[in-house]
Every structure is written in structure tokens, then in C-alpha cells.
Amino acid sequence: MFEVNENYTRVSEFVIVGFPGLHPSFNQLVAWLFFFVYVITVVGNILLVVLFALERSLQKPMYIIMLSLALSDIGVCTVSLPKVIARYWWDDAGISFYTCLIQKQFIHYFGTLTSLIMMTMAMDRYLAICFPLRYTELMTNRTMSLLTALSWVSAMIVPGITTIQTSQMPFCGPNRIIHFYCNTVSMNQLSCADISSQSTVSVSLSMFVLFLPFSFIVFSYVNIIVSVMRMANAQGRMKTFSTCATQGCIILIYYIPRFVVNATPINPNLTMTPDLRIGLTLLHRVGGRPSPPVVPSCVSSLCTTSPGAVSIPAASSTSPSART
């Protein structure tokens, strides 16, 4: 598969560089910043999980999505941040080959999972606002639980394919990963063989995972906006928009940096410094996720009304589904 010297010695350890342009005097500051983000994210989302378990009024489809996002948030932060904290706090930058593969697998797994959950979130809002009279029939707790479980299982497929590819590549020289975690692009760049076909497969799969959920999200929100603008009641329009505003911000913050990062390697007209690329990745991996205080504020804004019923009074007289 790969043309290399059969006597080559495989790299047994990689080095996490982090921000290559960062002056060493800022290492402790960066370590404390990541530590603070990690603790706040994990503790805040655990509180959200406990709140969901204890408060029966939150056990509804919309909050099942929020619970799933909270668990995904805990997962991705636990996979990515402890190592970079150790790198800047104790200068512990080394990571074994197989540990790096595992980290890469779960980094991309949680990224794929977030896209699928956001697609489910958009579907929920689409049904609630465009088909309000049928929402409770179409989107039950059982249906949402099945969609969420399907997302958690299917999200493993694409990252698994790229991880198997990377595990079969020869690594016989450079071992410095210019990133704050192991990922497909950073690891593949260190391979000492021609991996152009593997890179094409990886990029194609990543674009598929990115564009398929995003296309459905755009479709859902375009229909939502059209339905809301048809409402005669201005107060109803504002109330309906408010239920989608937080979700819309989460989706934009998550997808825009991700589009830029993924488009740079395949577009020669786009150039980006390593520090900027890592910063944008941080924005959509950590900053663009529904971590505290975004999730609690989202929950509190939705607690006043039922997610499926918030638009019914205003939409029932104007939406096509309400007239049938």
C-alpha cells in the first residue's frame, strides 16, 4: 500500500506543539485558561445533566437534545484539553502513537456527533414551528431518544475509517504535531509515504459529514423563517424567533470556523498561519459548543414554555399545516 523502506523504524511518540508562535512566558497563563475552561465546562454540563434527571418537566424532546449536547461537550473537552493543559503547565508534550490515534478518533467522533445533534435540533424546531399541530405526534420522547441514539452510534463510522487509514501509514521521521491535539490532517502530514489518495478520502468524508447536516440545518431554518414571517401577530413572531436565536448562534459559531479550517487545505487561494488555524479550531471545538453559560441560559429561556407549543397559538392560523 505504501512504498517505504521495509527497515524503517516507526515513530513511537508524537510531540504536541500547541501554538507554535506562543512565547514560553505565556505558557502558564494559557494552561490556567484551558484549565478554567475545562472545569467550568465539565461542572456546568454535569449540573445540566443532573437537572435534567431530577426535573421531570425538562424531560421533553428539546431537552433531550440539550442533554446530548452537554454529554458531547464533556466528552470532547475531556479528550482534548487535559493534554494541552499538561503541555503548557508541566511541559509534558509527548503522547504515544496509539494514544494519539485514540485521541484523534474521539476528537473527530465528537465533532461528527455535534453536527448530527445540531441537525436533529434543527429538525425539532422545523417540526415545532412549521407543523405545530402535529409536533407532539411526530416528535415524542421516544422518537427523539431514538434519533439521538442513532447519532451517537453512526458518528463513529467516518472517524473510524480515517483512523484505520492513519494507523496503516508509515511514520518514520518528523513527530511534531502543530496543533493542540492529534487529528487527521496533522498526523497525515507527518507520514513518510505518498498519502495523496488517503488524504482525498479523508477530505471527502469530512466534507460529507460537514455539508450533509449543515444543508439540512439551512433548509430547516429557511422554512422556519418563511413560516414565522407569515405570522400576523408580531408578538408571536418575536416569541418564535427567540426560541431559535440561541440555537442559531450555536450553529453559526460552530460551523463558520469549521468551514474556514476545512476549506483552507483544499483551496490554494486561502492561506492561514498555524496559530490562526489552531485558534479557529478552538473556537468551533470548544468555544462554539453549547457549554456553560450558553446551555443554562438556553434552558432557562425555554423553561417558560413547552418547546413544541411555543409557536402554536401564533402559527395555527397562518401556517399551511394549520389550514388543512
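Before you select anything: buried means under 20% relative accessible area, exposed over 50%, and partly exposed in between (1.4 Å probe, protein chains only). Start with Cys130, which is buried at 7%, then hop to Cys77, buried at 0%.

A word on what you're looking at: this is a predicted model, where local features need pLDDT of at least 70, side-chain atom pairs count only at pLDDT 80 or more, and totals for chains, interfaces and linings use all residues. Residues are numbered from 1 along each chain as its sequence is written, and side-chain values use heavy atoms, with hydrogens and water left out.

Next, select Cys100 and Cys182. They form a disulfide (a pair of cysteine sulfur atoms within 2.5 Å), with the sulfurs 1.9 Å apart. The S-S torsion is about -115°, so this disulfide is left-handed. Cys100 is buried at 0% relative accessibility, and Cys182 is buried at 0% too.

Now pick Cys172 and Cys192, another disulfide with sulfurs 1.9 Å apart. Its torsion is about 140°, so it's right-handed. Cys172 is partly exposed at 34%, as is Cys192 at 28%.

On to the rings. Rings of Phe, Tyr and Trp (its six-membered ring) pair if their centres lie within 6.5 Å; planes under 30 degrees apart are stacked, over 60 edge-to-face, the rest tilted. That rule gives 17 aromatic pairs. Select Phe35 and Trp89: with centres 5.3 Å apart and planes at 70°, the pair is edge-to-face. Phe35 is partly exposed at 33%.

Last stop: show Phe14, Phe97, Tyr98 and Phe171, a cluster linked by ring pairs.
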